[in-house]
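This report covers a sheet, a ligand site and a helix position. The sequence and structure come first.

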Amino acid sequence: MTENLESYPLSLEGDGIPMVRFQNVTKRYGALVVLNQLDLDVSAGEMVTIIGPSGSGKTTVLRMLMTLETIDDGVIYVEGEPLTHMERNGGLVPANSSHLRRIRSKIGMCFQHFNLFPHMTALGNCMEGPVQVLGLPRKEAEERSLELLDMVGMIDKRDQHPSRLSGGQQQRVAIARALAMRPKVMLFDEVTSALDPEVISEVTGVIKHLVDTHNLTMLMVTHQMGFAKEISDRVCFFFDGAIEEQGTPTKLFENPERERTQQFLNAVLHAN
Amino acid sequence: MEWRWDWVWDLAPRFVDATGKTLIAAGGGYTIAIILGLVFVLAQRTPLLPVTLVVREFVELIRSTPLLLQIFFVYYVGPQFGLTLSPWTAGLIAIGVHYGAYLSEVYRGGIESVPKGQWEAAKAINLPIVTTYRRIVIPQALPPAVAGMGNYLVGIFKDTPMLSVIGVAELMHTATAVGAESYRYLEPYTMVGAIFLAVSLPSAFAINVFERWVRRTLGMTK
Ligand SMILES: Nc1ncnc2c1ncn2[C@@H]1O[C@H](COP(=O)(O)OP(=O)(O)O)[C@@H](O)[C@H]1O
Ligand SMILES: [Mg+2]
């Protein structure tokens with residue numbers, strides 16, 4: 001439970017409100033501190049990539065923002081409004097489920113293992129949220145989903161169940177499913193890690209297309225340094241539950257200042 | 001002592017009637033059990049800890065005591081607390097609660113077989129919890145549960161003779177009555193056995209077919 005809630009603003013005001021703000025966010029599992037007083041702002045339309053060794057807390061950052069994990073300290077804001085908390089009688093209190101649902105609707109996520117619904121077709125997966133959550137008429141939900149399946153190059157497979165699709169194909173459907181909810185922020189957690197090398201570009205191609213054509217705010221965890229360098233506005237290097245170093249891709253990859261960053265990049269680049 | 005076909009023929013109408021009642025008892029009890037089982041399993045998954053604990057202990061209690069005792073309890077102990085039930089009502093309640101407890105465990109196994117990632121994907125598209133159960137979890141929990149559900153359908157059918165002890169006029173009760181009237185037990189009890197066999201065997205087969213059909217329909221086959 002967040003301490004000293006009075007010291008956090010009820011909402012963020014003024015020009016240049018970040019799309020996402022982590023303010024002093026701490027996450028623990030028992031005695032293990034997974035994220036330690038994290039401060040991170042992501043601007044609207046920005047593509048921020050998170051890199052770092054396994055276990056450094058990268059996935060946890062995304063899962064907290066998707067509300068799949070609770071936080072132990074701090075406040076997360078989305079578009080200036082608190083996500084993890086809400087206003088009550090002039091102060092902040094932990095968010096209730098309807099508040100979480102309202103703010104969560106601005107966020108979409110793609111997972112390492114796709115997590116498509118196996119009993120629904122590709123089209124059914126994409127239509128589920130628009131029909132059940134947004135209440136769109138089926139016809140409209142179908143049009144929206146087909147447009148997105150077309151964008152990710154999966155229109156031909158619209159009637160296939162996930163078990164009939166390759167990993168790359170499943171991940172592209174998962175991206176369409178998330179986009180069908182029209183989120184403002186998209187989260188990608190190692191979306192290519194479970195894929196065979198030859199199909200990785202199917203998925204990175206779609207993400208690149210999104211960056212070029214949509215004004216989405218994106219937070220991406222990846223181990224693909226080349227891809228991160230190519231499409232990020234900013235790269236954050238996580239180490240031990242904190243941001244060790246961050247900056248433009250050029251600076252971070254070509255001129256890292258911190259020794260841990262250099263070691264990590266050396267290890268990763270030599271492994272490839 | 002020899003087998004008397006003519007007598008079997010004479011008894012046929014009474015046994016047809018009793019078979020109908022047995023099927024009604026099994027079907028009615030099973031319907032109650034299917035719904036109660038769902039109530040039991042969902043109650044154990046609410047965030048309300050007292051509800052969870054009470055229901056869990058109750059299910060455990062039911063599963064650890066004999067059905068026959070539970071039937072007696074509802075029928076004979078009920079009236080002492082002002083709850084007088086007909087044999088049919090008492091019998092269906094007892095058998096429905098008993099098998100509801102077992103079915104809740106089958107459902108629980110099915111629900112727990114649904115990967116965590118499915119819940120998370122549902123949350124990521126903001127599905128409400130009830131919709132998540134209805135659209136995502138239960139359809140995937142069903143195929144692994146169908147086999148267990150089928151076994152208990154056959155089980156409940158085979159347990160209906162226990163209702164004869166409180167006077168429900170099902171097959172066993174009828175056979176015993178016929179025997180007592182005529183002092184001949186060979187034919188009536190053999191007929192009961194034959195009828196049970198004739199229903200159970202095809203049911204087991206049908207459940208198997210149904211299970212495969214459920215899997216196919218939900219697109220879960222590889
Ligand atoms: N549910 C959990 N229970 C206990 N520890 C966890 C749990 N989830 C993650 N962790 C731990 O938190 C740390 C950070 O995990 P994670 O954010 O997944 O790291 P990364 O994505 O950078 O590899 C790891 O040490 C991991 O073992
Ligand atoms: Mg991770």
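## Sheet in chain A

Four strands of chain A form an open sheet in the order β2-β1-β4-β5, with antiparallel pairing (strands are DSSP runs of E of at least two residues, numbered from the N terminus; two strands pair if DSSP finds at least two bridges between them). β2 and β5 (81-82) of chain A each have a single partner strand, so one side of each is left without a neighbour in the sheet. Strand β1 (residues 20-29) of chain A is joined to β2(A) by seven bridges. A:Tyr29 has A:Leu32 in β2(A) as its bridge partner.

This is a predicted model: local features need pLDDT of at least 70, side-chain atom pairs count only at pLDDT 80 or more, and totals for chains, interfaces and linings use all residues. Residues are numbered from 1 along each chain as its sequence is written, while chains are lettered from A and ligands numbered from 1 in the order in which they are written.

## Ligand 1

The residues around ligand 1 include A:Tyr29, A:Leu32, A:Lys58 and A:Thr59 (C-beta atom, placed from the backbone, within 6 Å of the ligand). α1(A) gives the most to this shell, with three residues (helices are DSSP runs of H or I of at least four residues).

## Position B:Gly96

B:Gly96 lies in helix α4 (residues 87-112) of chain B. B:Gly96 counts as buried because it has 22 C-beta neighbours inside 10 Å (buried means 20 or more other C-beta atoms within 10 Å of its own, exposed 12 or fewer, partly exposed in between, with C-beta atoms placed from the backbone). B:Gly37 is 59 residues from B:Gly96 in sequence and 9.0 Å away in space, C-alpha to C-alpha.
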